[in-house]
Amino acid sequence: MPASSDISHPDVPNPDVIVVGGGIVGLSIAWQLQQNSISAVVLDKALGSGASHAAAGMLAPVNEAYWGESEVLRLHLAASAAWPEFAAALGADTVDYHRNGMLLAAFDADDKTQLAHLHELHQQEGLTVETLRSQQCREMEPLLSPSVQGGIFSPLDHHVNPRLVVQELLKAVTVRATHVEQVTGNCVTTSDGQTLSCGQVVVAAGAWSGRLLDLPVRPVKGQILRLRGEPGLLRQPIRGLIRGASIYAIPRSDGEIVVGATQEEMGFDTRITAGGVYELLRDLLTLLPGLSEADLTETWAGLRPGSPDNAPIIGWGPSGICFASGHFRNGVLTAPITASFVTALLQKQEPCIDIGPFSPSRFVSATSSSWRDLQAVG
């Protein structure tokens with residue numbers, strides 16, 4: 001796929017593809033393209049500092065399974081299967097990748113009822129899980145409260161450190177820190193007034209994709225905390241149901257524990273709020289009281305890219321632009337397989353699974369001339 005013309009900038013080669021968006025999805029796409037001998041450059045004013053920087057790194061198709069989202073579940077299962085090879089290519093130890101499963105724990109009787117409802121979904125979808133009694137949960141993770149009523153262990157779910165993944169990808173791909181103002185199928189205009197041409201533009205700008213291209217993607221704010229204790233303090237990645245709320249705690253090899261996350265419809269607001277931090281700590285210490293002496297080292301907020309149907313937007317859109325956005329809570333999980341999809345599309349090949357359900361065309365109808373019309377109606 002030859003580039004249509006040169007990019008007149010000294011630190012940018014003449015790429016076949018310009019990827020707009022420097023989060024884990026955009027960087028993974030550029031990396032995968034390069035593995036297939038397709039030159040790519042990533043443009044983003046704040047490379048790797050958005051949702052990818054905030055994310056905990058749960059690779060959890062089972063714990064992210066919801067009623068009525070079977071097609072998304074199939075995508076997530078395929079994405080999960082792609083991660084071991086991707087992590088190995090980057091260095092599994094380097095990116096702190098672990099395949100030790102995840103425990104979903106229910107705190108009280110009502111939470112246990114919700115747990116049973118989720119187990120019905122797991123059975124219906126044929127997911128391999130193990131139901132656990134209260135004592136079994138505490139044997140698996142001694143820091144859990146004695147009040148925990150039971151749990152479900154998913155051996156399929158795994159986790160990684162997205163910040164380390166982004167660091168490795170930034171070393172491997174060509175990037176330019178610049179703000180993109182406008183795009184077409186093979187042309188990008190930046191805030192410094194340059195017009196850059198290429199063979200194909202891919203938009204993977206996360207929550208900002210909607211601002212750039214009138215795409216029905218909205219920001220969903222998530223506040224997140226980082227604690228630190230001795231390595232191994234928390235043995236097991238934990239997701240908890242606490243009096244109807246949901247929380248997770250993901251341990252890192254160096255003793256860091258990532259705790260999250262709120263889910264707020266607040267537009268492009270990334271403020272850290274007292275209420276958000278309080279709710280996370282309240283629920284965390286209700287579920288895992290043994291973490292009360294851990295150091296609180298960081299508070300952060302990121303913006304997940306949500307779509308109207310909670311499914312990603314991948315494929316060809318108007319003006320010949322290729323989209324890879326709307327991954328919501330699962331951008332880290334789906335980054336490698338999304339990169340494979342985009343690479344296949346650009347090579348005029350069939351992706352490894354049917355991505356028709358995730359096409360941008362699902363947001364265009366005979367009665368809506370644009371995605372903005374559809375959003376207004378919705």
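**A walk through the predicted chain**

The protein chain has 378 residues, for which a compact globule would have a radius of gyration near 21 Å; the chain has 21 Å, which agrees. This radius is taken over C-alpha atoms, and the globule rule is 2.2 Å times the number of residues to the power 0.38. The model is a predicted one, in which local features need pLDDT of at least 70 and side-chain atom pairs count only at pLDDT 80 or more, while totals for chains, interfaces and linings use all residues. Residues are numbered from 1 along each chain as its sequence is written, and side-chain values use heavy atoms, with hydrogens and water left out.

Along the principal axes, the C-alpha atoms of the protein chain fill a box of roughly 65 × 45 × 40 Å. The chain has 10 helices and 19 strands; these are DSSP runs numbered from the N terminus, helices being H or I of at least four residues and strands E of at least two. Of the 378 residues, 56% count as buried, where buried means under 20% relative accessible area, exposed over 50%, and partly exposed in between (1.4 Å probe, protein chains only). The protein chain exposes about 15500 Å², and carbon and sulfur atoms supply 50% of that area. Accessible areas come from the Shrake-Rupley method with a 1.4 Å probe; for residues, only the protein chains shown count as cover.

Contact means heavy atoms within 4.5 Å. Among contacts between residues at least 6 apart in sequence, 74% join residues at least 24 apart. L75 is buried, with a relative accessible area of 1%. Leaving aside neighbours within four places in sequence, L75 is in contact with P312, T334, I337, F341, I353 and F358.

W83 and F86 form an edge-to-face pair, 5.1 Å centre to centre with 85° between the planes. Because W83 and F86 are three residues apart in helix 3 (residues 70–90), they are separated by about one helical turn. W83 is buried at 0% relative accessible area, and F86 counts as buried at 6%. W83 also forms a stacked pair with Y97, 6.0 Å centre to centre and 20° between the planes. W83 lies in helix 3 and Y97 in the loop between helix 3 and strand 4 (102–106), so this pair ties together parts that are 14 residues apart in sequence. Y97 counts as buried at 10% relative accessibility. W31, W83, F86 and Y97 form one aromatic cluster.

Two aspartates end the tour. D93 lies in the loop between helix 3 and strand 4 and is exposed, with a relative accessible area of 75%. The C-alpha atoms of D93 and S253, 160 residues apart along the chain, are separated by 9.4 Å. D283, in helix 8 (residues 274–287), counts as buried at 9% relative accessibility. Apart from neighbours within four places in sequence, D283 is in contact with I242, A245 and I247.

Key. Rings of Phe, Tyr and Trp (its six-membered ring) pair if their centres lie within 6.5 Å; planes under 30 degrees apart count as stacked, over 60 as edge-to-face and the rest as tilted.
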